[in-house]
Amino acid sequence: QVQLVESGGGLVQAGGSLRLSCAASGRTFSVYTMGWFRQAPGKERELVATISWNGSLNYADSVKGRFTISRDNAKNTLYLQMSSLKPEDTAVYYCAADSRGFGRTTVDYWGKGTLVNVSS
């Protein structure tokens, strides 16, 4: 089992920045591909960014150049640095861990989410 706990969400004005963190506990953090997903009101959950065990990165087109995903395996922590935030970034952000690189329809582990609210 892997437990994931997100933090760092909140209210921010458009153009501002936030850093989300995801603390992982349980089985070996470093072997998992980690990712951030988000779900806006009335919309489906979507991928934001992923980082593999060896540091390979993947970003949604909508956040490229504005968001940066990183991980600290020594601290069992995943991060998402968000800059130049837009109102359309408003969503609940979820941390996730997957042993297959998010290549399936199911994901091994999810956090409970943290709300990011970007005001215009």
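Student: Start with Tyr94. Is Tyr94 buried or exposed?
Tutor: First, keep in mind that this is a predicted model. Now compare the relative accessible area with a cut-off: under 20% is buried, and over 50% is exposed. Tyr94 has 13%, so Tyr94 is buried.

Student: What does the same cut-off say about Trp110?
Tutor: Trp110 has a relative accessible area of 34%.

Student: How do the rings of Tyr94 and Trp110 sit against each other?
Tutor: Look at two values: the distance between ring centres and the angle between planes. An angle over 60 degrees counts as edge-to-face. Tyr94 and Trp110 are 6.3 Å apart, centre to centre. Their planes stand at 85°, and the pair is edge-to-face.

Student: Which strands does that pair tie together?
Tutor: Tyr94 lies in strand 9, residues 91-98, and Trp110 lies in strand 10. The pair therefore ties together parts that are 16 residues apart in sequence.

Student: Where does Arg45 lie relative to Tyr94 and Trp110?
Tutor: Check the distance from the charged end to each ring centre. Arg45 lies over the face of Tyr94, 3.8 Å from the ring centre. The charged end of Arg45 also sits over the ring of Trp110, at 4.3 Å from its centre.

Student: How many aromatic pairs does the structure hold?
Tutor: Four. One of them joins Tyr32 and Tyr109. Their ring centres are 6.0 Å apart and the planes meet at 80°, so this pair is edge-to-face.

Student: Where in the chain are Tyr32 and Tyr109?
Tutor: Tyr32 is in the loop between strand 3 (18-26) and strand 4 (33-39). Tyr109 is in strand 10, residues 109-110. The pair thus ties together parts 77 residues apart in sequence. Both Tyr32 and Tyr109 are buried.

Student: Now disulfides. What is a disulfide?
Tutor: It is a covalent bond between the sulfur atoms of two cysteines. In this structure the count is one. Cys22 and Cys95 form it, with their sulfur atoms 2.0 Å apart.

Student: Which parts of the chain does it link?
Tutor: Distant parts: Cys22 is in strand 3 and Cys95 is in strand 9, 73 residues apart.

Student: Why is the disulfide called left-handed?
Tutor: Read the torsion about the S-S bond. For Cys22 and Cys95 it is about -75°, so the disulfide is left-handed.

Student: Are the two cysteines buried or exposed?
Tutor: Cys22 has 0% relative accessibility and counts as buried. Cys95, also at 0%, counts as buried too.

Student: Let's step back to the whole chain. How many helices and strands does the chain have?
Tutor: Zero helices and eleven strands.

Student: What does the radius of gyration say?
Tutor: Compare it with the value for a compact globule. With 120 residues, that would be near 14 Å. The chain has 13 Å, which agrees. The C-alpha trace spans about 40 × 30 × 25 Å along its principal axes.

Student: What share of the residues is buried?
Tutor: Buried residues make up 44% of the 120 in the chain.

Student: And what do the contacts show?
Tutor: Take contacts between residues at least 6 apart in sequence. Among these, 55% join residues at least 24 apart.

Key
Residues numbered from 1 in each chain as written. Predicted model: local features only at pLDDT ≥ 70, side-chain atom pairs only at ≥ 80, totals over all residues. Heavy atoms only, no water. Phe/Tyr/Trp six-rings, centres within 6.5 Å; stacked < 30°, edge-to-face > 60°. Helix = DSSP H or I, 4+ residues; strand = E, 2+ residues; numbered from the N terminus. Buried < 20%, exposed > 50% of the residue type's maximum accessible area, 1.4 Å probe, protein only. Lys NZ or Arg CZ within 6 Å of the ring centre and 35° of its normal. Disulfide = S-S within 2.5 Å. Rg over C-alpha atoms; globule rule 2.2 N^0.38 Å. Contact = heavy atoms within 4.5 Å.
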